[in-house]
Amino acid sequence: MAKRSSLSIRIVEGKNLPAKDITGSSDPYCIVKVDNEPIIRTATVWKTLCPFWGEEYEVHLPPTFHSVAFYVMDEDALSRDDVIGKVCLTRDTLAAHPKGFSGWAHLTEVDPDEEVQGEIHLRLEVVPGTRACRLRCSVLEARDLAPKDRNGASDPFVRVRYNGRTQETSIVKKSCYPRWNETFEFELEEGAAEALCVEAWDWDLVSRNDFLGKVVVNVQRLWAAQREEGWFRLQPDQSKSRREEKPSGPLALYSARKWRNSSVPTSNGSALGHLGSLQLEVRLRDETVLPSSCYQPLVQLLCREVKLGHQGPGQLISLIEETTSTECRQEVATTLLKLFLGQGLAKDFLDLLFQLELSRTCEANTLFRSNSLASKSMESFLKVAGMRYLHGVLGPIIDRVFEEKKYVELDPSKVEVKDVGCSGLHRPQTEAEVLEQSAQTLRAHLGALLSALSRSVRACPAVVRATFRQLFRRVRERFPSAQDENVPFIAVTSFLCLRFVSPAILAPKLFHLRERHADARTSRTLLLLAKAVQNVGNMDTPASRAKETWMEPLQPTVRQGVAQLKDFITKLVDIQEKDELDLQRALSLQAPPVKEGPLFIHRTKGKGPLTSSSFKKLHFSLTTEALSFAKTPSSKKSTLIKLANIRAAEKVEEKSFGSSHVMQAIYTDDSGRLQTAYLQCKCVNELNQWLSALRKVCINNTGLLGSYHPGVFRGDKWSCCHQRDKTDLGCNKTRSWVTLQEWNDPLDHDLEAQLIYRHLLGVEAALRKQQRTQRFEPNLPGAQGETPTVEHGPRGKPRANGPWGSPWGPTGRAVPGARGPPGGPQVQPSRLAALGAEPHPGAADVRCPTGCAAPRQVLGDPRALSVFCLTSSYWGAGPRSLLGWGCQGSGGSGVQG
């Protein structure tokens, strides 16, 4: 059992931002921090006070995180970037919104006294004295303090205050991970209500000291406990807005929920808003993932229905589609798709959805045009299985558009000659010349794209080709007439062109084709190119031509492209099962890289200085076996680190190399000694993407470190904590569970099953309602000679009309071959034995509701989804059942699911 938390973040747009540049505008971007750790940076939107980003991220986090903050910054080329404002959402705020926070939030000023981070290690004791007890406070160390100085560090000291007395520790220079090991004592008066305040400060020689955070301890509770030791999270100084001190830690005066900001300053406020607003969509999802065995019955039920296809008796997939709201359909579709990808049934799952969609479609021109489960699932499938293919086909064309930055416009009403400049020395271009040059440019881009697509048949993943083959065949069977001969082609292009290639052209950053958003001129070129691709995908129908007549100059290329596209689709779907297996086998042998790109590497040797000039640029490639490098992408690769030897992948503090974009891979060499490779990235996004990729592929390694040094061993000591022992365990905890979700992430079968199970629980009432209007056909009869299934509802009573069939007759006797509950397939003992089921250790706690004399012969965890009795052949479900099936506990009372 594991607890997992994830944040779904969508940064939509900003409005009414203040001007930070002398031009009266700003160049805004967003930085997202989780507990003051930067994890995301959006693209910069130039020269605007109302930027649109539309960027989405999924962040996996430990359940113990505290807050997520969104900082809006103004990028400056020559000076440090300006801070415009921030929005902070605490974990409690997000937990109070199960469907997520969505809306506009006012930006607030960034107060240095509230920008605190890190933890402090304290040992607190009440010790007897000669006249009265004494309060002893030992300040041991701190970690991850905020860097307040220009050198990327701080000069921290601690001030301890109690009962009018103040004592201070020594100052540790240039460290965010100081160690003091100093003890202070105060006279303790019984019944005193004053709290102990421990404050961390950054010492400055000239200016005033900077506040680093504080901990307020309830002395009365300490008196009862006598002794307490641990890491206390530093809290901001909010005395400006609240007079009372805010306690923290396990000895806090108040619960954290009472003082944390539990609401967001929304656009309804009148006093706020002078810094502008930010539109966000943030959702926290906490999941408790059970062992795989608990989900097996549900997974088997879903897989059985997909294998049986549209002709099978099950209708669970169609019920899921009917009861899924529009808001969560994309999430459900993605989860189902990943679940079936892990089972090797993605093609069969999509084929079933194709058949369901075709069965209720009457007009060919409306096929796959709605946001149905089939459409959403196919979108997710192409992103998961075809993203690398898309990059190979579309990447060079997109790069060319960005590099040329030509002014392109076909609409005469939008042509601005002044944006084009002069074609000669004196004469500006005319409108006709602009339109003609634009048409030539677009024809060149469209022709290059269609040619690249025509040559990419063999490069397309086998599972994608096989899925398109099924789609093509199903649509042709449904619309066989001659007048609908283009319908199968349009069905393929509705996904390939309209829902995959065109969106990637419009927003290349969202498909990881570019690191930055396009400027206004490039965006217009991409928009016109996407329109042309849509016209080709629609097979150049009269309706598409009539919408925008000014696209007429592209018609020759579009008509030629239709012929090319039809020829491409014909070859694409012409794949036999043997060819499909051969292609899959060939691709599996290639071991495609998980992540690759240029990085700068530095290995520390000796006592020499570590500077940015010491880094060497190489091309790195991370696979499921090793981290390798080469001089160029096409050069022969050399293995740097074997994946099994990696013990941690973490960030390096800024002061070590003068850059905040350096990471370290800690690994063991052939002799078993720990070594470190330092790799520098070019931006915070690239840094976090590499860290995420390394952490994901190493998550199951043995011997992973729990702590590390965020600095380097320079000279004779660590730069972070100044310790002189090079083998010291580390002064900061590792963050191996903090990762960004990517399209090529490894599948997590248990998590996907848990998400589907949670969704079914959420729509249980709707499922019941739909089930009452339908009548399932009986399941396939049991094999000859097998014991018929006996099933019971809650409290051991026969169910005459169970939600998953009608296994009981009017007298309560079992109907042979009846369908089972939502826990698994037909459950005759021989079939269960074939599944390798064994009695669960907790089976002794479960009694069979039939009253049989063998209560210990029950299979399955009584807390899980299903249980089975070997004696009575009873198949029921535990308390986690989906639709009210129950098992009877040892106390004799039925448990409702």
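This is a predicted model: local features need pLDDT of at least 70, side-chain atom pairs count only at pLDDT 80 or more; totals for chains, interfaces and linings use all residues.
From helix 11, the residues in the contact are Ile490, Thr493, Cys497, Leu498, Val501, Ser502, Ile505 and Leu506. Facing them from helix 12 are Leu526, Leu527, Leu529, Ala530, Val533, Gln534 and Gly537. By class, this contact has 11 nonpolar residues, 4 polar ones and no charged ones. Two packed helices are described by the angle between their axes and the distance between those axes. Here helix 11 (residues 487-506) and helix 12 (residues 520-537) make an angle of about 175°, and their axes lie 9 Å apart. An angle over 145 degrees counts as roughly antiparallel, and helix 11 and helix 12 are therefore roughly antiparallel to each other.

Helix 6 (residues 329-342) and helix 7 (residues 346-359) pack at about 135°, with 7 Å between their axes. These two helices are therefore oblique to each other. In their contact, Leu336, Leu337, Phe340 and Leu341 of helix 6 meet Ala346, Phe349 and Leu350 of helix 7. That contact is made up of 7 nonpolar residues, with no polar and no charged ones.

Now let's turn to the strands. Strands of a sheet pair through backbone hydrogen bonds, either parallel or antiparallel.

Another set of pairings can be followed from strand 1 (residues 2-15), which runs antiparallel to strand 4 and is joined to strand 4 by 8 bridges. Ser6 sits opposite His60 of strand 4. Strand 4 (residues 52-61) is mostly covered, with 8 of its 10 residues buried. Strand 4 also pairs with strand 28 (residues 739-740), in the antiparallel sense and over 2 bridges, and there Val59 stands opposite Leu740.

Strand 1 has a further antiparallel partner in strand 16 (residues 277-289), with 13 bridges joining the two. Lys3 faces Thr288 of strand 16 in this pairing. Strand 16 is in turn joined to strand 7 (residues 101-106) by 6 bridges, again antiparallel. Here the bridge partner of Ala105 is Leu278 in strand 16.

Helix 18 (residues 749-762) has 14 residues and spans 20 Å from its first C-alpha to its last, close to the 20 Å expected. Its buried residues include Leu751, Ala753, Leu755, Ile756 and Leu760, as well as Glu752, Gln754, Tyr757 and His759.

Finally, look at Thr668 in strand 22 (residues 662-668). Is Thr668 buried or exposed? Its relative accessible area is 12%, and buried means under 20%, so Thr668 is buried. Setting aside neighbours within four places in sequence, Thr668 is in contact with Asn645, Arg647, Arg673 and Leu674.

Methods: Residues are numbered from 1 along each chain as its sequence is written. Side-chain values use heavy atoms; hydrogens and water are left out. Axes are lines fitted to C-alpha atoms, for helices over the stretch in contact, and angles run from 0 to 180 degrees between N-to-C directions. Helices (H or I, at least four residues) and strands (E, at least two) are DSSP runs, numbered from the N terminus. Angles under 35 degrees count as roughly parallel, over 145 as roughly antiparallel, 65 to 115 as roughly perpendicular and the rest as oblique. Contact means heavy atoms within 4.5 Å. Ala, Val, Leu, Ile, Met, Phe, Trp, Tyr, Cys and Pro count as nonpolar, Asp, Glu, Lys and Arg as charged, and the others, Gly among them, as polar. The expected span of a helix is 1.5 Å times one less than its number of residues. Buried means under 20% relative accessible area, exposed over 50%, partly exposed in between (1.4 Å probe, protein chains only). Two strands pair if DSSP finds at least two bridges between them.
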